[in-house]
Amino acid sequence: MESNQYIQFFDGGIEPTLEALGGKGSSLVTMTSAGMPVPPGFVVTTAAFDEFMSEAGITQEIHDLLAGLDPEDVAEMEKVSAGIRADICSKPVPESLRAQTLAAYEALMARFEEAVPVAVRSSATAEDLPDASFAGQQDTYLWLEGAKAVTDHIRQCWASLFTARAIIYRLKNGIPNEGLSMAVVVQKMVNSKVSGVAMTLDPANGDRSKITIDSSYGVGEMVVSGQVTPDNIVLDKVTLTVVSEHLGDKHAELVPDRSAHTLVEREVDDERRGRRSLTDDELAAVASMAKRAEKHYKCPQDIEWALDTDLPDGENLLLLQSRPETVHSSKPAAPKASTGGYAASLGIPASGGGTLSGGAGSGTPAAGTGFSLGSITASLLKTTA
């Protein structure tokens with residue numbers, strides 16, 4: 001199957017645009033085109049969402065419902081949001097769109113010896129912008145298997161454009177609903193043995209001569225919820241030598257339970273807890289990949305990465321997302337001593353106990369930080385609903 005107006009494969013050769021693929025989708029296609037190690041997948045474009053909404057005939061009704069809302073009236077917001085999302089999930093998808101989505105899913109599965117689980121990830125046109133902090137405000141679903149599960153959750157991603165928190169964010173930041181659209185990413189699920197984030201500056205002080213890496217075992221939801229403290233390593237950007245490091249407790253990890261289609265918590269033994277979750281070679285590889293992303297995008301980056309258990313060492317480092325760093329990159333850095341890297345920039349003490357998000361696994365920014373977590377340690381790592 002070839003890419004077209006409604007379906008665009010990451011490696012389909014079509015120039016990515018924010019308008020067609022949303023923030024997450026356009027970034028993944030761009031990174032794939034640049035030769036970065038991105039798990040394969042495709043995007044159900046905004047044209048598909050727009051056609052669905054047009055056929056459903058509910059666009060104007062939604063605009064009317066949202067026009068008079070008070071962003072401070074949370075109860076009313078939740079009520080209106082629930083009604084809109086139920087309406088979207090109850091309307092039929094045009095048969096031509098459904099057929100193309102199913103064909104794309106089968107084409108993706110054909111790349112593997114046997115069917116693999118996928119993640120279905122929202123990619124709104126207003127997310128992942130340099131001046132916005134949208135991460136986690138729309139839905140992502142993990143470890144989905146089979147065409148029906150995928151198509152059902154694509155629709156739920158469409159509906160999540162109108163979650164209460166997303167509506168409130170847009171209202172408070174003057175982002176109009178008119179013209180807003182939603183693409184959806186369908187991507188091979190990463191079986192993470194270690195995952196985390198890397199920033200091509202020190203987020204504690206904006207020092208662009210540093211790279212800061214946070215890592216922990218398994219997938220990253222326990223980092224987001226504050227249940228574990230990750231390893232935090234600061235490296236010199238030129239030499240990639242370690243400037244400072246703090247070993248987190250890493251007492252537990254989340255790993256996939258394929259039979260239950262979910263993530264389960266497992267205790268980390270004392271030996272693994274007492275050492276860094278990345279080897280020296282893996283640490284250098286993550287830092288080098290972060291530098292490549294910064295060079296490609298020409299600005300400081302906040303990347304999400306994982307080491308995939310299913311792939312051999314040396315080929316298992318995958319780039320899941322790269323977005324502009326939004327706090328320090330628009331102003332000159334003021335170098336000073338690092339105070340703990342990524343978590344410290346959010347006001348989280350090195351001993352843990354805080355939360356990197358507005359709620360466990362929500363992926364929304366912590367109050368007052370103006371900072372946005374990426375999907376691997378936030379919205380992408382929620383357990384499938």
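I begin with strand β6 (residues 192–199) and strand β12 (residues 301–308), which pair in the antiparallel sense over 7 bridges. Two strands count as paired if DSSP finds at least two bridges between them. Helices (H or I, at least four residues) and strands (E, at least two) are DSSP runs, numbered from the N terminus. Within this pair, methionine 199 has aspartate 302 in β12 as its bridge partner.

Some remarks on the source. This is a predicted model, in which local features need pLDDT of at least 70 and side-chain atom pairs count only at pLDDT 80 or more, while totals for chains, interfaces and linings use all residues. Residues are numbered from 1 along each chain as its sequence is written, and side-chain values use heavy atoms, with hydrogens and water left out.

Both strands belong to an open sheet of 6 strands in the order β9-β8-β7-β6-β12-β13, with antiparallel pairing. At its edges stand β9 (242–246) and β13 (317–324); each has a single partner strand, so one side of each is left without a neighbour in the sheet. From one strand to the next, the twist averages 15 degrees. Helix α10 (residues 280–297) lies across β6, β7 (210–217), β8 (231–236), β9, β12 and β13, and runs at about 140 degrees to β12. Axes here are lines fitted to C-alpha atoms, for helices over the stretch in contact, and angles run from 0 to 180 degrees between N-to-C directions. Contact means heavy atoms within 4.5 Å.

Let us turn to the other sheet. An open sheet of 5 strands has the order β1-β2-β5-β3-β4, again with antiparallel pairing. Here β1 (7–9) and β4 (140–144) are the edge strands, each with a single partner, so one side of each lacks a neighbour in the sheet. The twist averages 20 degrees from one strand to the next. β1 pairs with strand β2 (residues 41–44) over 3 bridges, and glutamine 8 has valine 43 in β2 as its bridge partner.

Buried means under 20% relative accessible area, exposed over 50%, and partly exposed in between (1.4 Å probe, protein chains only).

Now the helix pair. Helix α4 (residues 74–90) and helix α7 (residues 164–172) pack at an angle of about 115 degrees, with their axes 9 Å apart. Met77, Glu78 and Ser81 in α4 meet Ala164, Ile167, Ile168 and Leu171 in α7.

Where does leucine 69 lie? Its place is in the loop between α3 (59–67) and α4. Leucine 69 is buried, with a relative accessible area of 13%. Beyond its neighbours within four places in sequence, leucine 69 is in contact with Glu76, Met77, Val80, Ile167 and Leu171. Leucine 69 and leucine 171 are 102 residues apart in sequence and 8.6 Å apart in space, C-alpha to C-alpha.

Finally, the protein as a whole: 56% of its 385 residues count as buried.
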